[in-house]
Amino acid sequence: MSLYYSRWFNVVLFIFFFCIPFILYWNLFISDKGLVSGDGVQYYSSKALIKYSFSQGEFPFWNKFLANGTPYAADFTNHSFYPFTILLSLFPLKIFMYSFYAIHLAIGAFFMYLFIKEMGCGKVAALCTALIYQLSIHLGGYRKEHIMIIATIIYLPAILYFLQKYINTKSIKWLLFSSVAMAFQFYVAFIQDVVYTDIIAGIFLFILGIKNKMKIKKLITAGLVWTGAYFGLIAFQFLPTLQLVREYGEDGAASATLEYFQSYSIHFSKLVMMLFPRIYAGEVYQPFGSRYSSELDIEIFLGSVVFLVLLFGAFRYFSDFRVKISLGMMLGAFLFSASVHVPLLSELLYRIPGINGFRVLPRALFVFIFFAFVLFAVTLSKLRIPEQMSKFYQFSKWFMLGLCTFLGVAFFANVINLMSISNFESAKPIYQYFKTTFLPGLIVLFLVIIISYLIQKGSGKWSKAQYGKVYGCLGIIIVLMTFFETYTFSTALYSGNPKNIADYGLNDDASKFISENIGDSKVWDASSVQSNTIDMSTSLTKGFSTINAFITFNNPRIYKLLSNDSSQVPINNSGLLRNFQNSKSSMVEQNDLLSMLGIKYIISDDNPISGEAALKETIQEGKTIFRENSIEIPDSKGELFVYSQPAEIKPNTFYKIHFDIDSTENQSLFYVDFYGGENYDSDEQQKMFNVQSGVSEYSAVLYSGDTTGIEHINLRIISMPTSKMKVTKFSLAEIPMQIQKNVYKSVFVEGSNHIYENTNAKDILFVPQKIQNIKNMEDIYRNQYEYDLLNVSYIENFKNMNLIDANTTIREKNFKNNSITATVHSDKPSFVNFSQNYYPGWRAKVNGKETPIYVVNGLIQGIEVPKGDSEIEIYFYPKIFYVGAFITLLTLAIMAYLFIKERRRLSS
């Protein structure tokens, strides 16, 4: 009967936790408002792709909607294999959004309750801690904008609960359940916090095993079973991700720099915010700037009562193993998060593979916060004993007395100092600061002292049962006091009023216009400020393809071509999304690239094509204004090298640079720019180069832009050479502009947003005029302006073909997510380009027979077609997924066998 009651209680409790977010945000839910905007939208928009693919009878292995095509399922951050995403994608967006959030908060709170109970803390402490955890700023507030982080970190209590259960029972099923929880977390998946969780779980299992005197052999066996099951379960996603990292790495994707790794590192002084969240002049998010921040510093404010209880526990019960492990985990997580402020620590951590690719190390603070709640729960459970309540009262009294004394001295010292140099009015801001910053917390602490005093005074008169009821009431009071303290922060919305659910779809006229006319073509938002039409990944919900994307793994090929930057490719934030100060030069210089990609519509907010005729300016090399046959660059051991010469630069003019470099090593920084002081120093006048060892030829185009008020402009070469280099045949030539009419047509204007149609845009399948053999595809990235990407297909180790006279037609195109089919008629052997990014796993058939796929122009793909009528099919068939699926299914079968084997052993 007790077990039956316990099971039903757990079911009801989970439902209760699930309902809390709907209660908190009921006003948004009934008014069809979304929980998030901006960054948060992309996490929910992926469900549209899943639903779209399923409707076509496909699984979303590929994503044709972002960045000219990405291996969607290989990027684990898309959570394409995450069960909750797949199931909830069947529902409308509003239900999906709120349910996704509510389910994960319920999982976190429910397993926090089970974990605390399993540690022997009692039901009251477990319930209080679970409720406070669910209502915390950490699982609400601005973090909702990054729902993937929430959906990842809530699995920590589940994973540790199963491990604790295994240690307590020695039953292997709990160990395997922990592996399942870890696999669920991986499939969410915010990989940074997945790695942190895996490390913490491993440490936790090891420490608990030693504490419970498990034999080393048995502990090692358990660890192997645990990790083996985990990696087997995630193979379906993990193996394709490894392939993606390898492929993009080989094509030039760079690992994170030390500066990137060190960005956002919380300062030790922020620990004061655990008690007084507004101590830094009211700023609760990033006081002192990003280098001293956890990104969302307010999250460490758990409530004044929680802080006081856990502080009491740290001092009073340090000998308790649970307190020691909680404090150890908290200390480790905070040191990691604040590593930049510890001499040499961040440099040491940066050398650890798998860790050094992350940014915002304080994202590990979820470990600190979780174990702070564990310490709170352990301490609260101790207060079940009346004598301990008396100790708590004494601690609280002296803590409050010391705190008030310190603050009082600080207050009067500031007031007296101001009054001595000014007047009484100048002291008012100090009074207001102290009142808003310290008074709320002091009031709460004072109430705690009164309550604890009354309880310890009455405890001598009450029976054990009566004290138990009072203790239960104390738990309710703590929850309510904490809720009212943190409510404002925990229910905060990132950008004020969230969008209507309808705004995630075709709710604006620009999106409707594009959707109705774009077909299988693409759109590129080239605005200097991101437009509402291309809002992160909302193109997935709007149903049209964009070049823009904010993705975890940049495709280095499209990045190097479209960003006009052949230097090392950053790990993410593709540069194809925002800050297009050079949109005009990009449209002018790179029309052949834009057209090859099938970009039909271009959005801009600065009207880059002047005049009603919507003109397009093409380039031809003209007068050389600067030439230097030889420039010696010494080995400066990574110190900055600057070569600078005056140059007579005209405004709004294009210039072509051309040179050779002989370098004995690869160089991490090398660029050429126009510089005229602080008012003339932007990306538009700068070109980065990826200098490789050996002798290489480089060329690029610079646009002078507005030079108004700039008296002196220098042509510079900037580098941090790690070896000697020699630059030869350096030339700078002015490029006269030849006008072609009606290449870009203005087709839509709404406020500052202009939409231009690119009349040169190619179809998703198209036939080039020529095929030209090229020895090295890398040369296209270095010297893009030497190649005609619109009319010629450049292919390594392939024959030359003249297709100008070929009469080739492509009909009956059917472009799904993972495939495209068409009928091709040609009166001579021909070649068809498919303007999706090339990636291993794409295969092709012509008339049912397998045919090779070639990398075209360093980015897209193409196939040969014979003379006559042909049925072609190009489809994405990634074998690595099926290998991973086999391993995962095999792992599930082995786990099922172990479950059955253990049950039979226990029943015999």
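User: What share of the 908 residues of the protein chain counts as buried?

Analyst: The share is 56% of the 908 residues. Buried means under 20% relative accessible area, exposed means over 50%, and partly exposed lies in between, with a 1.4 Å probe and protein chains only. A caution: this is a predicted model, where local features need pLDDT of at least 70, side-chain atom pairs count only at pLDDT 80 or more, and totals for chains, interfaces and linings use all residues. Residues are numbered from 1 along each chain as its sequence is written, and side-chain values use heavy atoms, leaving out hydrogens and water.

User: What makes up the secondary structure of the protein chain?

Analyst: It comes to 27 helices and 27 strands. These are DSSP runs, numbered from the N terminus: helices are H or I with at least four residues, strands are E with at least two.

User: Why is tyrosine 680 called buried?

Analyst: Its relative accessible area is 2%. Tyrosine 680 sits in the loop between β8 (670-675) and β9 (686-688).

User: Which residues does tyrosine 680 touch?

Analyst: Among them are Ile649, Phe674, Ser704 and Ile713, leaving aside residues up to four places away in sequence. Contact means heavy atoms within 4.5 Å.

User: How do you know that the side chain of tyrosine 680 has a polar atom by the backbone oxygen of serine 704?

Analyst: The two atoms lie 2.7 Å apart. A polar contact is a pair of N or O atoms within 3.5 Å; within protein, one must be able to donate a hydrogen and the other to accept it, and residues adjacent in sequence count only if both atoms are side-chain atoms.

User: Is serine 719 buried or exposed?

Analyst: Buried: its relative accessibility is 0%. Serine 719 belongs to strand β11 (residues 714-719). A polar atom of its side chain lies 2.9 Å from the backbone oxygen of leucine 669. Serine 719 also touches other residues, including Glu639, Phe641 and Met725.
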